[in-house]
Structure formats: C-alpha cells, structure tokens
Amino acid sequence: MAAPASPATVVNTVGAHVDRLAVALPALRAAGPTLARWGTDLAGRLLAGGRLLAAGNGGSAAEAQHLTAELVGRFDGERQALSAIALHADGSSVTAIGNDYGYSEVYARQVRAHARPGDVVLLFSSSGRSPNLLGAARAAAGAGATSWAITGPGPNPLADVCDDAVCLPGDTATVQECHLAALHMLCRAVDATVRA
C-alpha cells in the first residue's frame, strides 16, 4: 500500500482545484449574454404553454434534474410553476427504452414522444460527445423543438448539432461546477423575465 499523501500535498491539490475553476470563470462570464438570451426566450415559451425537456448523463443528469426542479418549484422567490421535465428521472422509461432500443435511444425516444414545436430541449454534457444526447438533439429538430447544449470544451459534436450552445473549458469536475453556475444564471434570467 502506498504511503498517504502529506498534508501539504493535499492542500496543494485542493488549491489547484480552485485555480482550475478560476481559469474557467472568464468563459462563464462571457456566456452571460447567451444565458440571459436563453432565459428570456425560455420564460416566454414556458409562459405560453411550452415546456423544457432536459437531459444529461451521470453528473450532467444531476444538473438537468437540478434545473427542472428550480423551474417547477422555485429558484429565488415566488413565481408560477413552469413546465420542465428531466428525461432521465423516469426510470421505467429509461430502462425500457434502453432494453428495447439501446442506450443511445433513451433520450431521443422520449423527445420524440414529448417535444412539440416551441419547446426547448436542453442537453448537459461535459464531453459533448455522448451518442444518446446527440440523438436527443436530432430528435428535437425532428419535433420542431429548439435544442440548446451546455457542454465542456468546444468545438464538440453536441454543440455543432444543437441550435445554440455554451461551451465551457476545463477538466470534467471544473466543467460540471461551471454547469451548475450556468444553470443558476439561466434561472435568474427566467425569473427576472417572468416577474417583469
């Protein structure tokens, strides 16, 4: 068994994590106008009866569900409930579709079932290369829905296939942390528009 790291090594490791996040923050700030535009657009669509369908894998699925919880519930103060669905959260559908059609279809099949013109499909991916998310973006186009992606470093295939994308730099952990900030920025824009 290897000897444990020294306390100084652990402190340096943790500090390096913060340094990586600091390097990514300017890109997150630069994404602010896009996220503000998305929030204004999304608020209008949701108030008109549209809905948001969100998806991701692993930590990105958690971000998708976090976003939908903020919209259906509340983010930062009272406002009406807004329609948002995290596609991975229906375990029976995910496992049935995965079993019958393959994992690459778990989101596309649901998008084909639920998305309508005027809806938004928002896809989270740290890599931008997941086949099931690429399929969901293509299914969104086929349904007449708008697709947005929040990804890791660009260019990447998911950003290319979606109608619009925010690509953030860094390793997986840094990207996921930036995705959390990005979804909260989006929520702030939605709330500001709904309450205007």
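Predicted model: local features only at pLDDT ≥ 70, side-chain atom pairs only at ≥ 80, totals over all residues.
Me: What makes F124 count as buried?
Reply: The cut-off is under 20% relative accessible area, and F124 has 1%, so F124 is buried. This residue is found in strand β3.

Me: Which residues does F124 touch, leaving out those up to four places away in sequence?
Reply: Contact here means heavy atoms within 4.5 Å, and the list for F124 includes A55, G56, N57, S60, E63, I150, H179 and L183. Take E63: F124 and E63 are 61 residues apart in sequence, with their C-alpha atoms 7.3 Å apart in space.

Me: How do you know that β3 is covered on both faces?
Reply: Check each side in turn. V120, L122 and F124 on one side are all buried, and so are V121, L123 and S125 on the other.

Me: Why are β1 and β3 called paired strands?
Reply: Pairing takes at least two bridges, and β1 (residues 52-55) and β3 (residues 120-125) have 4 bridges, so the label applies. The sense is parallel. Along this pair, L52 stands opposite V120, and A55 stands opposite L123.

Me: What about β3 and β4, how many bridges join them?
Reply: There are 6 bridges, and these two strands also run parallel. L123 has A149 as its bridge partner in β4.

Me: Why are β2 and β5 described as standing at the edges?
Reply: Start with the order, β2-β1-β3-β4-β5, which makes an open sheet of 5 strands with parallel pairing. β2 (84-86) and β5 (164-167) each have a single partner strand, so one side of each is left without a neighbour in the sheet. On average, neighbouring strands of this sheet are turned by 15° against each other, direction ignored.

Me: Which residues touch the most other members of the largest nonpolar core?
Reply: W38, L42, L52, L67, L71, L122 and I150 do, in a core of 30 residues. At least two residues each come from α1, α2 (32-47), β1, α3 (59-72), β3, β4 and α8 (172-194). α8 gives the largest share, 7 residues.

Me: And what does L52 touch, again leaving out residues up to four places away in sequence?
Reply: Among its contacts are L42, L46, L67, L71, I85, V120 and L122.

Me: Which residues does the second, separate core include?
Reply: L123, A136, A139 and A143 are among its 23 residues.

Me: How do you know that the span of α1 agrees with its number of residues?
Reply: Helix α1 (residues 7-30) has 24 residues, which at 1.5 Å a residue should span 34 Å. The expected span uses one less than the number of residues. The end C-alpha atoms are 36 Å apart, so the two values agree.

Me: Where in α1 is the kink?
Reply: At A24, shortly before the proline P26, with a bend of about 30°.

Me: What makes the peptide bond between G154 and P155 cis?
Reply: Its omega is about 0°. As background, most peptide bonds are trans. P155 itself is found in the loop between β4 (146-151) and α7 (157-161).

Notes
Residues numbered from 1 in each chain as written. Heavy atoms only, no water. Axes fitted to C-alpha atoms, helices over the stretch in contact; angles between N-to-C directions. Buried < 20%, exposed > 50% of the residue type's maximum accessible area, 1.4 Å probe, protein only. Bend = angle between axes of the 7 residues up to and from the residue. Core = buried A, V, L, I, M, F, W, Y, C linked by side-chain atoms within 4.5 Å.
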